[in-house]
Amino acid sequence: MTAWARLLAAVPLLAWSWSCAADGPTSPDAPGDGGAGRIVRVEVLSQPAARDTYLVGEEVRLGAWVGGASAVAWEGSVWLVFDLGLASEPAELVAAEAERLEFAYRVRRGDYDGDGISAPEAELRFGPGASLTSDGAALDPAVPALETQPEHRVYGRREPGETVVFTAATEQLPAPLAANEQPVGCRDREVVEDLVGAVLGGDLASAAARYTAAFAARECAELVSGEEAIFLSAAVVEQDAEIVDLVLAYGPARVAGGVETANWWTLADFVE
């Protein structure tokens, strides 16, 4: 199985400048409150490739709508800053169509947002000499807030196609789910989500019963500690107010005394 090509793009962050309203008449190079239009709403335009979680190399696209505009034009670099986990990241303006502005950000290794991306009430940022106009007049740089988007979470800890090694986890499902200190995986995401939910809810008896039945049906297994696997995808989900990372990898697992290779969902903490 070949590794996926790494898609990393450095977003130009040099020479950011805050554009403020001037005392005199505004010009395309100095956007201000005198502009004919203003941004009335911000939405997420993109969709993660797998469920609700973006991976390394995927692109987050944000749309900003300008009220009453028939044509929007720009020159130079313009950014919309949004919140990605504990960091604030710049999405760069890449397209303008009628009243819609489109900003793009490519997920990098290390990016992570377990709750979902959002954007604060702020202003657009402009590079040196940049301009943004609505129907020929400078656009108001104010941007309304975007509430947290739980369907747009980010997991940039692993890159699709990367080789990983499963080990006895520092944080793993409590016994008797993990026999012999081995990580536990399941073919079906819903099965392992039910297991995780039962554990987080403190119902270990139910979790153990679910795992025993799934193991007998060859739907869950012990991941082979120390063996290489291929990281495929991830889902960041919420279980009883707890954020849980579920990782899909392709690797060997022990089922009913034997060893077979299959896709396995497991807690992200099992991957080191």
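The model is predicted, so local features are taken at pLDDT of at least 70 and side-chain atom pairs at pLDDT 80 or more, while totals for chains, interfaces and linings use all residues. Residue numbers run from 1 along each chain as its sequence is written, and side-chain values use heavy atoms, with hydrogens and water left out.

Starting with the overall picture, the protein has two helices and 21 strands (DSSP runs numbered from the N terminus, with H or I over at least four residues for helices and E over at least two for strands). Of its 272 residues, 48% are buried, where buried means under 20% relative accessible area, exposed means over 50%, and partly exposed is in between, with a 1.4 Å probe and protein chains only. Taking contacts between residues at least 6 apart in sequence, 71% join residues at least 24 apart, a contact being heavy atoms within 4.5 Å.

On to the rings: a search of the whole structure turns up four aromatic pairs. Rings of Phe, Tyr and Trp (its six-membered ring) pair if their centres lie within 6.5 Å; planes under 30 degrees apart are stacked, over 60 edge-to-face, and the rest tilted. Y155 and F231 make a stacked pair, 6.1 Å centre to centre with 20 degrees between the planes. Y155 belongs to strand 15 (residues 153-155) and F231 to strand 19 (residues 228-239), so this pair ties together parts 76 residues apart in sequence. Both Y155 and F231 are buried. The Y211 and F215 pair is tilted instead, at 5.9 Å centre to centre and 50 degrees between the planes. These two, Y211 and F215, sit four residues apart in helix 2 (residues 204-216), a separation of about one helical turn. Y211 is buried at 7% relative accessibility, whereas F215 is partly exposed at 24%.

Ring pairs also link Y112, Y155 and F231 into a cluster. R157 lies over the face of Y112, 3.9 Å from the ring centre. Elsewhere, the charged end of R41 sits over the ring of W65, 4.1 Å from its centre. A charge counts as sitting over a ring if NZ of Lys or CZ of Arg is within 6 Å of the ring centre and within 35 degrees of the ring normal.

The structure has one disulfide, defined as a pair of cysteine sulfur atoms within 2.5 Å. C186 and C220 form it, with sulfur atoms 2.0 Å apart. C186 lies in strand 17 (residues 184-186) and C220 in strand 18 (residues 220-223), so the bond ties together parts 34 residues apart in sequence. The S-S torsion for C186 and C220 is about 105 degrees, so the disulfide is right-handed. C186 is buried at 0% relative accessibility, and C220 is buried at 0% too.

Last comes the backbone. Most residues other than glycine have a negative phi. A98, not a glycine, has a positive phi of about 55 degrees; A98 lies in the loop between strand 7 (87-97) and strand 8 (100-106) and is partly exposed at 36% relative accessibility. R218, also not a glycine, has a positive phi of about 60 degrees. R218 is found in the loop between helix 2 and strand 18, and is partly exposed with a relative accessible area of 39%.
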